[in-house]
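Here are my notes on the model, as requested. Please read them with the structure open.

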Amino acid sequence: MVEVEIKWIVLVCSVLMRVIFNCVNLSMGRYLINLEDAFPLANHAYLEWIIVLPLGLTYMLRGVVLICCRTWGYGLTIMVGVLITTIGLVLTSFSTNYMTLLPSVGLIVGLGVALPLGAPIYAVTDYFPVTDDHHILATSIVMSTNPMGTLIGPLIVDSLLSHLSWRACLLLETATILVCGSLLSIVFFRVDRLLKQKEVTFVVDNNESESDLIHATNATTKIPEQSNMKLKATKTKIDQSQMRLIYIISGVWSITWFFKTLAIYFPHFLLVSHAIKLKLTAHQGTLCVATLGVTETVARVTTSLVGDRVFKDRLLTMYLGCCTGLILTSLGGYYCKEFYQLMVYSGLFGIFAGPIIAASVSVAGEILGGVYIKELVGVTGIATASGLILGLLLDGLVTDLTASYSLLFFIHAGFYFIALIIICFVICLRKHLQ
């Protein structure tokens, strides 16, 4: 079996790494007001697009991150990302022209955070393959770090901005991630080195004798490729007979994620601005985002804890229920004008959005029967990034035209409804693989 110490240390360090860098990604929305004041000539849609680009690239570059992890190892991949992020944030803090925000925030920071946010996902799927009893628990926990960033990041930034300028706040944030990210990357370096020096033996659970053991010597590709002979046999069979169907299902599932993410990150980035347009304060808007972070974290952690027992082979059904809840919540959000109403909207949104993203890795294993998990995660990452970037750009354009965010609630409800229909189609297609 995998050494327990290594397995759980990787999970804990992966969670910490993703919390830190999700704070960077998901606190960008709090800077939007300051950027509008600092760069009055900048178009509102342009600034919204800039602040969401780092998160979009995080999803879009998952395939590149996987290649880096296999080539460099997890430690070096994370360290490179920490240094690139530091450079991008420093350049942003000294920016005097809004046009320079595109390369500094959108591209450099986006590329930087993609590495330390993507590498932990692959590390956890390596150590907790689909055959592991704690697969859904581990993969859901590591994906539950997004709302933690939503909860912690904006609150910290909001508190700092009451005492510091946004430029000084960015520099302080830069120093924090440089120190914390470097320390955590050292842990991954040590894990990589340990596993290169020591041959780790894995028990194959396919009713064969104890002599059927697999020895992994490559620190970055050791578990998923060698952990289960039965999965390999299944994979070979699928390669020969149903590859075309796998391509179709993967493509359709990616479209589902595209429509979901056209809308699902709206409150994370724009709820503070929406609150201000409703004549509320920025602090009240931040509290709404924090409420979303709390309920989304609770929903994701709950999914993690009960997923292996309750949602095993039922994740797509759970997705149908969550999409239905998001449709109703978005329609109700249009009528939320007071602070307490926005708090209720934020709380409900987090409850229904949390399980969807928490189980995004686990559901990839369910859809294709446990094979091609990383490949499907990479493909859906591109679709997710496309939906995220285009969605926030669309939100900005609608806001520029209507001077309000209210119409977006109906548009987003429509996107969730389309995703709901496509999920039903995926369920029908998946039956042909069983």
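This is a predicted model: local features need pLDDT of at least 70, side-chain atom pairs count only at pLDDT 80 or more; totals for chains, interfaces and linings use all residues.

1. Residues are numbered from 1 along each chain as its sequence is written, and side-chain values use heavy atoms, without hydrogens and water.

2. A disulfide is here a pair of cysteine sulfur atoms within 2.5 Å, and the count is zero. The sulfur of Cys336 lies 9.4 Å from the closest cysteine sulfur, that of Cys288, which is too far for a bond. Cys336 is buried, at 11% relative accessibility (buried is under 20% relative accessible area, exposed over 50%, partly exposed in between, with a 1.4 Å probe and protein chains only).

3. The rings of Tyr46 and Tyr98 have centres 5.7 Å apart and planes at 80°, so the pair is edge-to-face (rings of Phe, Tyr and Trp, the last by its six-membered ring, pair if their centres lie within 6.5 Å; planes under 30 degrees apart are stacked, over 60 edge-to-face, the rest tilted). Tyr46 is buried, at 15%, whereas Tyr98 is partly exposed, at 25%.

4. Phe266 and Phe409 also form an edge-to-face pair, 5.6 Å centre to centre with 85° between the planes. Both residues are buried. Phe266 and Phe409 belong to one aromatic cluster with Tyr345, Phe349 and Tyr405.

5. How many aromatic pairs does a search of the whole structure find? The search gives 14.
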